[in-house]
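Please consider the following protein chain.

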Amino acid sequence: MALHRHAAQVAKLLAWLKQADASSGNRKPVLAAGRDGIFLPIRHEPCYREGATATLSVYDRRGQRLGTVYLGRMPEAGQGTLSDQLTALIEEVLVTWDRPLPRLAYVTDAGHHPSEYFDNVLNSMRNPRRPDEYLAWEWMVDYYHACEYISKLAEALFGAGREAHAWAAKMRKWLKNKPGGINRVLHSAAALRHKRGLVGTARAYQQAYNYLRGHMAFMDYVDYRNRHLPIGSGVTEAACKTVFTQRLKQSGMSWDIEGGQTIIDLRVIQLSGVWSQVRQQYLSSKTLPDIRTQPQFHPNITQNAA
């Protein structure tokens, strides 16, 4: 059935895009991609290894998510198969779609594989209608991951306690609701460090500060929200749970790569809402056996033979 997943998911995404294009609202529809990793118990391995999931979602003109299709791969060096599957899905949808292109969003944390995919694939993806132009993919660092680093800054500045919680809550609001919010957060943190020093370690402060500063170009959450772009990767993070954890990480389980992938292939088909279509295509592709019936008995034939 996995051989028929791609075509069914493309058809599903095109149907959602058509629905989004016809929706009411003052913004363009959005096609949003995401990917994330999850560590899995692998048989005969001394430690867990990282599998990966990817999602492709459609949002209407009011920013409402219409649906999501899922991909998943067992641990693989470089995660090349998942990247190829996600790229093929995106490219065929955009080539087949014959109306104005939707906004293209990529919402992830800033991990190694998600960052590498944006730099090496999405950032250089060509417009299928104008091959001399690049597509305008926008990368949004997940807002909630950014907030985790704000909390780490707060602990380094104030230590654990009420003062740290109050400062972090204020910074989260600035980041989400004020233009240039990330600049305000960084300036506040730097001023506090200069004024009162650190309670936590300089290393913890610097790691959190460098993460936020290094990805500030992808944290303009006020602008993203104004254009009805998603700012959280919750859909993709939830996929880690629904695609992998609920089935492959129950008590005492361990898997080999091939057996686990068989389960994952079936789960992404089911979760994407294309099980019936894929099953029908699978059955249609099978060669039916040539079953011969027994000839009927005719008394006159027997009599003539006798």
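The accessible surface of the protein chain amounts to about 16,700 Å², and carbon and sulfur atoms contribute 50% of it. The model from which this value was computed is a predicted one. Of the 306 residues in the protein chain, 42% are buried.

As for secondary structure, the protein chain contains 12 helices and 5 strands. Its radius of gyration is 26 Å, whereas the globule rule gives 19 Å for 306 residues; the protein chain is therefore more spread out than a compact globule. Along the principal axes, the box filled by the C-alpha atoms is roughly 115 × 50 × 35 Å. Among contacts in the protein chain with a separation of 6 or more, 72% are between residues 24 or more positions apart. Regarding charge, there are 39 positive and 27 negative charges in the protein chain, and their mean positions lie 8 Å apart.

The strands may be followed from E1, which spans residues 30–40. This strand is mostly covered, with 9 of its 11 residues buried. E1 pairs with strand E2 (residues 49–59) in an antiparallel arrangement through 11 bridges. Within this pairing, glycine 37 is opposite alanine 52 in E2. E1 is also joined to strand E4 (residues 103–108), here by 4 bridges and in a parallel arrangement. In that case alanine 33 is opposite tyrosine 106 in E4.

From E4 the pairing continues to E5, to which E4 is joined by 5 bridges, again with the two running parallel. Tyrosine 106, already named as the residue opposite alanine 33, is also opposite tryptophan 139 in E5.

Strand E3 (residues 65–73) contains tyrosine 70. Is this residue, tyrosine 70, buried or exposed? Its relative accessible area is 13%, and the cut-off for a buried residue is under 20%, so tyrosine 70 counts as buried. Which residues are in contact with tyrosine 70, leaving aside its neighbours within four places in sequence? They are Gln9, Ala54, Thr55, Ala239, Val243, Val268, Leu271 and Ser272. Ala54, one of these contacts, falls within the range of strand E2, residues 49–59. Alanine 238 is 168 residues away from tyrosine 70 along the chain, yet the C-alpha atoms of the two are separated by 11 Å.

Methods:
Residues are numbered from 1 along each chain as its sequence is written. This is a predicted model: local features need pLDDT of at least 70, side-chain atom pairs count only at pLDDT 80 or more; totals for chains, interfaces and linings use all residues. Side-chain values use heavy atoms; hydrogens and water are left out. The radius of gyration is taken over C-alpha atoms; the globule rule is 2.2 Å times the number of residues to the power 0.38. Buried means under 20% relative accessible area, exposed over 50%, partly exposed in between (1.4 Å probe, protein chains only). Contact means heavy atoms within 4.5 Å. Accessible areas come from the Shrake-Rupley method with a 1.4 Å probe; for residues, only the protein chains shown count as cover. Lys and Arg count as positive and Asp and Glu as negative; His and the chain ends are not counted. The place of a charge is taken as NZ of Lys, CZ of Arg, CG of Asp or CD of Glu. Two strands pair if DSSP finds at least two bridges between them.
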